Amino acid sequence: MTFARPRVVVSRCLGFAHCRYDGSTISAPEVRALEGEVEFHTVCPEMGIGLPAPRQPLRLVGEREPRLVQPATGNDFTDPMRRFAERFLSSLPPVDGFILKNRSPSCGIADAKVYSSTERGTAIARRAGMFGGAVRERFPDLPTEDEGRLTNRPLREAFLTAIFALATLREAEASGRMKDLVAFHAWYKLLLMALGQARLAELGRIVANAERLPVPDAFRRYRVAFQAALARPLRRPSAANALLHAFGYVTDGLSPGERAYFLETLAEYRAGHVPLSAPVGVLRAWIVRFDVAYLADQRLFFPFPSSLLSPADSGQGREPP
Ligand code: SF4
């Protein structure tokens with residue numbers, strides 16, 4: 001199976017340059033591991049507004065509408081950062097996702113500290129940084145993660161699944177052929193089923209194109225609905241149904257013990273005792289063993305290059321179902 005190459009915007013300090021406030025860079029192995037398969041577009045918003053590295057640190061100050069200020073100088077960089085974000089984000093080519101530096105008052109996507117003043121003191125809240133917030137606002141349905149959350153295996157795999165799906169869709173869009181949209185939908189059928197029958201049905205109607213929309217319009221409608229579907233976490237009951245459906249394709253070749261083992265693993269998944277990768281891993285082995293072409297094409301089982309599979313897991317962060 002070949003994979004499209006996702007285009008991902010990444011904070012430059014995540015191993016690409018020494019651009020942090022103290023002139024350092026951050027080793028982010030979970031980001032660098034993607035380099036062979038992902039096209040990175042790096043950005044350092046603080047250097048983008050003309051600040052040097054090293055520099056005095058910035059912080060978010062103010063309870064209601066926090067400002068981006070530099071306590072050591074009293075300078076307020078809120079407006080330059082807003083202008084930079086607008087300019088940078090509107091000049092991007094189509095991208096498939098973002099990986100931004102966590103906790104940064106500029107790049108953070110949810111966990112930058114907010115202070116009540118420029119004086120020393122404890123944080124009063126956490127929220128998105130000024131640039132990270134602009135990304136979330138402009139691209140609410142594009143996969144966006146920080147490097148800390150990517151150390152969590154389920155979160156990393158959900159992110160990889162989404163960026164490779166969107167890159168594949170982007171390639172199909174570029175072809176401008178309806179048959180490529182039909183093929184894309186076929187590859188993602190079980191993944192969509194795992195996200196919910198309603199989503200699968202809605203996307204199926206767009207592909208059927210009973211209204212005979214021009215192909216670019218059909219692609220546009222499909223993308224909006226597909227991104228919205230991917231932006232929601234998998235629900236265990238829907239995912240279990242999709243896996244049971246796939247199980248039907250291999251069950252004839254299995255022994256009673258193997259069937260019982262799968263159904264037990266699936267029940268454990270439904271109950272929340274094991275992650276999705278447990279029943280998926282079992283089915284994947286049988287797909288290869290029985291050479292089931294239909295399932296081998298399903299991105300639910302092979303959503304991104306196997307070179308990116310990693311057993312490493314920090315155990316941190318929110319675990320999706
Ligand atoms: S967190 Fe963002 S603004 Fe800060 S150094 Fe990294 S890339 Fe630059």
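Which residues have the most contacts inside the largest nonpolar core? In this predicted model, local features need pLDDT of at least 70, side-chain atom pairs count only at pLDDT 80 or more, and totals for chains, interfaces and linings use all residues. Residues are numbered from 1 along each chain as its sequence is written.

The largest nonpolar core has 84 residues, and those with the most contacts inside it are Met 81, Ile 99, Ile 163, Leu 192, Ala 194 and Ala 242. Helix H5 (residues 153-175) gives the most to this core, contributing 12 residues. At least three residues of the core come from each of domain 1 (7-151) and domain 2 (153-321). Such a core is a set of buried Ala, Val, Leu, Ile, Met, Phe, Trp, Tyr and Cys residues joined through C-beta atoms within 7 Å. A residue is buried if 20 or more other C-beta atoms lie within 10 Å of its own, exposed if 12 or fewer, and partly exposed in between, with C-beta atoms placed from the backbone. Ala 242 touches Leu 190, Met 193, Ala 194 and Leu 300, with residues up to four places away in sequence not counted; contact requires C-beta atoms, placed from the backbone, within 7 Å.

The protein contains 13 helices and nine strands, taken as DSSP runs (helices H or I, at least four residues; strands E, at least two) and numbered from the N terminus. Buried residues make up 38% of the 321 residues. The C-alpha trace spans about 70 × 45 × 35 Å along its principal axes. Among contacts between residues at least 6 apart in sequence, 67% join residues at least 24 apart.

The domain bounds come from an automatic or database domain assignment. The C-alpha centres of domain 1 and domain 2 lie 31 Å apart. At the interface, 17 residues of domain 1 are in contact with 17 residues of domain 2. The side of domain 1 that touches domain 2 divides into seven nonpolar, three polar and seven charged residues. In this classification Ala, Val, Leu, Ile, Met, Phe, Trp, Tyr, Cys and Pro count as nonpolar, Asp, Glu, Lys and Arg as charged, and the others, Gly among them, as polar.

In helix H4 (residues 130-138), Met 130, Phe 131, Gly 132, Gly 133, Ala 134 and Val 135 are buried. The buried residues of H4 pack against helix H2 (45-48), strand S4 (67-70), helix H3 (78-90), strand S6 (97-100) and strand S9 (144-146).

Two loop residues were also examined. Tyr 21 lies between strand S1 (7-11) and helix H1 (29-32) and counts as partly exposed because it has 19 C-beta neighbours inside 10 Å. Tyr 21 touches Pro 54, Arg 55 and Pro 57, not counting residues up to four places away in sequence. Ser 91, in the loop between H3 and S6, is exposed, with 7 other C-beta atoms within 10 Å.

Technical notes
Contact = placed C-beta atoms within 7 Å.
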